[in-house]
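Please examine the sequence and the model displayed below before reading the commentary.

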Amino acid sequence: MKQRMVAITLAGIYLGSAGSLWAAEQVELTTRVSGVVETVLVKPGQRVKKGAVLLRLDKTVLQARLDEVTAEQTLAHADEADAKRELERAKELFDRAVSSASELEAATLRHARAKAVLSGANARRVIAQKNLDDADLKAPFNGVVSSVPGGAGTVVTADCQPKPLVILSPDKP
């Protein structure tokens, strides 16, 4: 029997050859984020369902980063609301010929900058939440755990050559 093996990160893939598709015999899994393995929830030979959590990284730093960007997002939202009120006031004063066009332009620019800062803060929050979610390594398909080379305390570095933490074989009915 030919051995078909592929090493990938967090995804089951199919190997194609001459128009037919074969499921990978084994898939090496690791997390997308760096950290320290806190808990391994599976053992070799254990059957797992798609989406089952296989292991968890320590989330302390990732949670702190999410909290930090959430605070930045709150501040940016308040600044944008303040800049919007100033812009509305500047428009009102300009329409009544009480203020100059340069004052209106300055308020418009400040509001545009505040919107840009808020947009960046929103994006950083999405990334921080995704990183926190990715601290849980989940099975990408139903399968059987072949081996667990990574244990509690293993340092994971998310780079081009990540260390496999769990090796999963497709579940064969």
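The model is predicted: local features require a pLDDT of at least 70, side-chain atom pairs count only at pLDDT 80 or more, and totals for chains, interfaces and linings use all residues. Residues are numbered from 1 along each chain as its sequence is written, and side-chain values use heavy atoms, with hydrogens and water left out.

The chain contains two helices and 11 strands; here helices (H or I, at least four residues) and strands (E, at least two) are DSSP runs numbered from the N terminus. Read from the N terminus, the order of elements is β-β-β-β-β-β-β-α-α-β-β-β-β. Of the 173 residues in the chain, 30% are buried, where buried denotes a relative accessible area under 20%, exposed one over 50%, and partly exposed a value in between (1.4 Å probe, protein chains only). The accessible surface amounts to about 10500 Å², and carbon and sulfur atoms contribute 56% of it; such areas come from the Shrake-Rupley method with a 1.4 Å probe, and for residues only the protein chains shown count as cover. Among contacts with a separation of 6 or more, 66% link residues 24 or more positions apart, a contact being heavy atoms within 4.5 Å.

An open sheet is formed by four strands in the order β8-β7-β5-β10, with antiparallel pairing. Two strands are taken to pair if DSSP finds at least two bridges between them. The edge strands, β8 (136-138) and β10 (155-156), each pair on one side only.

Within this sheet, β5 (residues 35-40) and β7 (residues 53-57) run antiparallel and are joined by three bridges. Valine 37 lies opposite leucine 57 of β7, and valine 40 lies opposite leucine 55 of β7. Strand β7 is also joined to β8 by three bridges, again in antiparallel fashion. Leucine 55 takes part here too, with leucine 137 as its bridge partner in β8.

Attention may now turn to the helices. Alanine 97 is located in the loop between α1 (60-95) and α2 (101-133).
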